Amino acid sequence: MSFTAWKIDRIENVHPEAFYKLVNKNRNHIGKTFPVTLANSDSLNKAEDFLAVSLDKEKNNEGFYFYARDIKTNDLIGYLCKND
């Protein structure tokens with residue numbers, strides 16, 4: 001069994017390019033399970049807007065956003081949110 005060494009990062013440390021890359025890389029899976037995330041992040045500009053809206057929600061205690069990063073590469077490998 002292999003494990004990916006990962007860490008949790010916060011939204012203020014996530015660049016739109018990295019988030020877009022994560023979404024685009026996992027487009028088939030995300031489209032089936034998280035269609036709103038996919039629709040709101042299907043371009044770099046939309047990903048930037050999506051992160052800005054999410055950051056505002058977090059500042060207003062309307063949601064919390066966490067991102068998993070590969071420790072070795074620092075690439076985003078996952079995304080978790082809790083919206084109220």
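User: Which elements each supply at least two residues of the lining of the second largest pocket?

Analyst: As a general idea, rolling a probe the size of a water molecule over the atoms shows where empty space is left. In this predicted model, helix 1 and strand 3 each supply at least two residues of the lining of the second largest pocket, and the largest share, four residues, comes from helix 1. The volume of this pocket is about 180 Å³.

User: Which residues line the second largest pocket, and how do they divide by class?

Analyst: The lining is made up of Ala-18, Lys-21, Leu-22, Lys-25, Asn-26, Arg-69, Asn-74, Asp-75, Leu-76 and Ile-77; by class, four are nonpolar, two are polar and four are charged.

User: What volume does the largest pocket have, and which residues are the closest to its centre?

Analyst: The largest pocket has a volume of about 530 Å³, and among the 23 residues of its lining, Phe-34, Thr-37, Phe-50, Tyr-79 and Cys-81 are the closest to the centre. Two or more lining residues come from each of helix 1 (16-25), helix 2 (27-33), helix 3 (35-39), helix 4 (44-59) and strand 3 (76-83). Sorted by class, this lining has 13 nonpolar, seven polar and three charged residues.

User: How many salt bridges does the structure hold, and which residue forms one with Arg-69?

Analyst: The general idea is that side chains of opposite charge can pair when their charged atoms come close. Here the structure holds three salt bridges, one of them between Asp-9 and Arg-69, whose closest N and O atoms are 2.6 Å apart. This pair links distant parts of the chain, since Asp-9 lies in strand 1 and Arg-69 in strand 2, 60 residues apart.

User: Which residues form a nonpolar patch on the surface?

Analyst: Trp-6, Ile-8 and Ile-77 form such a patch, with about 320 Å² of accessible area together.

Definitions and conventions:
Residues numbered from 1 in each chain as written. Predicted model: local features only at pLDDT ≥ 70, side-chain atom pairs only at ≥ 80, totals over all residues. Heavy atoms only, no water. 1 Å grid on protein atoms, 1.4 Å probe; cavity = no way out; pocket = protein on both sides within 12 Å on 5 of 7 lines; lining within 4 Å. Points joined across faces, edges and corners; volume = space filled by probe spheres on them. Nonpolar A, V, L, I, M, F, W, Y, C, P; charged D, E, K, R; others polar. Patch = residues over 30% accessible without salt bridge, like charges linked within 9 Å, V, L, I, M, F, W, Y side chains within 5 Å. Areas by Shrake-Rupley, 256 points an atom, 1.4 Å probe, with all protein chains shown as cover. Salt bridge = Lys/Arg side-chain N within 4 Å of Asp/Glu carboxyl O.
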